[in-house]
Amino acid sequence: MTRGTGTAHPADPGPVLLNPGPVTLSAGVREALQGPDLCHREPEFADLQDRIRAGLLDVYNLPGDSWAAVVLGGSGTAAVEAMLCSLVPDDGRVLVIENGVYGERMRRICEIHGIAHHALHLAWGERMRPEAVRDALEALPGATHVAVVHHETTTGRLNDLDGLGEMCREQGIGLLVDGVSSYGAESMDFGAIEACAGTANKCLHGVPGISFVTLRRHVLDSPPRPRTLYLDLSAYLAAQDRRDTPFTQPVPAYYALDRALAELTRAGGQAARLARYRALAARVSIGLTRLGIEPLLGEDESSAVLNAYRLPAGLSYEALHDGLKQAGFVIYAGQGGLKQSIFRISTMGAITDEDIDRLLAAFNTIAGKPSGGQI
Ligand SMILES: *Cc1c(COP(=O)(O)O)cnc(C)c1O
């Protein structure tokens, strides 16, 4: 079946989603959503939850005796908020590194919950230099945690966790990572990471509704005073280790993630997914470069998950978006000050080479030179 333009027929899967989540579903994940009605207090749910928690650790080969995945209802922000609220004690202090919307969101979370913090503010898309982090840590005596976004989806920049992790380890500081748009695809060395927030509906190819925090078990050995009831990771961890859940979970989203994790394993795991995303991103980039459309960041600075491109002169984002949507593709705008200068293309989800070729043909129609520049 071909993908239409997202009109009413229920069998129509809608346009190809090239926004950074939710993603275009595989047929298998779509089918899994139709699983049986299930009570979250029944053993069948516990089995499903156990499988998902183990599968989330398996993505990065993390051993279950020292690591745990805690699954909660809510979008990626819920997991990030739960991580900061549940792991930083009352007398803790966080250095938040921000070079985009999602770093700034972590600062906002700290402000709202009264978590002592200092923000190392960088311009959107700016590289996080180790010296700047070192200086910021020196200026924050008693820092217990560093919070950083791995893949800053605002610009597509992949922040370098390795150097940062090394620094945190040297200083005995816990590294908290927003891995919402990288978990499942980008490589991550968990050696220096204390906890990482992720979501079902980005690189893992599930549906929106559940997110998770992968953490070292020992960080919740004596949990800090909870700042929230619903997002208290220690309550989730205790319940999930008993094969239970504190609250009603979005069961269909569990079905979908279970299936999506099985598909990830079958496709060769995280390394294979990274290679696949790289190939798709290269296909897009080569095609757009031929049309004179330039990437915002160099290849070595950008994730494989999403790339930002400069809007060609004389073409508004709205015209580009609407033209592509007509052709069956949804792309994503820049945020804030980047709204009228960039657009973003993500290749997460069940995207084929043919999808990209059709996308490039549509681009050629909308943004190609009047002289008929061929791609
Ligand atoms: C998508 C995203 C989030 C969470 O967004 P939600 O809309 O809450 O799912 C957080 N951090 C990053 C880096 C993201 O890309």
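**Exercise 1. Which residue forms a salt bridge with Arg 227, and how far apart are the closest N and O atoms?**

Before we start, note that this is a predicted model, so local features need pLDDT of at least 70 and side-chain atom pairs count only at pLDDT 80 or more, while totals for chains, interfaces and linings use all residues. Residues are numbered from 1 along each chain as its sequence is written, and side-chain values use heavy atoms, with hydrogens and water left out.

*Step 1.* Apply the criterion: a salt bridge is a side-chain nitrogen of Lys or Arg within 4 Å of a carboxyl oxygen of Asp or Glu.

*Step 2.* The partner is Asp 90, with the closest N and O atoms 3.6 Å apart.

*Step 3.* Arg 227 lies in the loop between strand 10 (210-216) and helix 7 (233-241), and Asp 90 in the loop between helix 3 (76-87) and strand 3 (94-98), so the pair ties together parts that are 137 residues apart in sequence.

*Step 4.* Check accessibility, where buried means under 20% relative accessible area, exposed over 50% and partly exposed in between (1.4 Å probe, protein chains only). Arg 227, at 17%, is buried.

**Exercise 2. Describe the salt bridge between Arg 108 and Glu 111 and its setting.**

*Step 1.* The closest N and O atoms of Arg 108 and Glu 111 are 2.9 Å apart.

*Step 2.* Both sit in helix 4 (residues 101-113), 3 residues apart, so about one helical turn separates them.

*Step 3.* Arg 108 is partly exposed at 46%, and Glu 111 is partly exposed at 36%.

*Step 4.* Now widen the view: a network of salt bridges links Glu 98, Arg 107, Arg 108 and Glu 111. The structure holds 20 salt bridges.

**Exercise 3. Is strand 2 (residues 67-73) largely enclosed or open?**

*Step 1.* Count: 7 of its 7 residues are buried, so strand 2 is largely enclosed by the rest of the structure.

*Step 2.* Sort the side chains by direction. Trp 67, Ala 69, Val 71 and Gly 73 point one way, Ala 68, Val 70 and Leu 72 the other way, and all are buried.

Key: Helix = DSSP H or I, 4+ residues; strand = E, 2+ residues; numbered from the N terminus.
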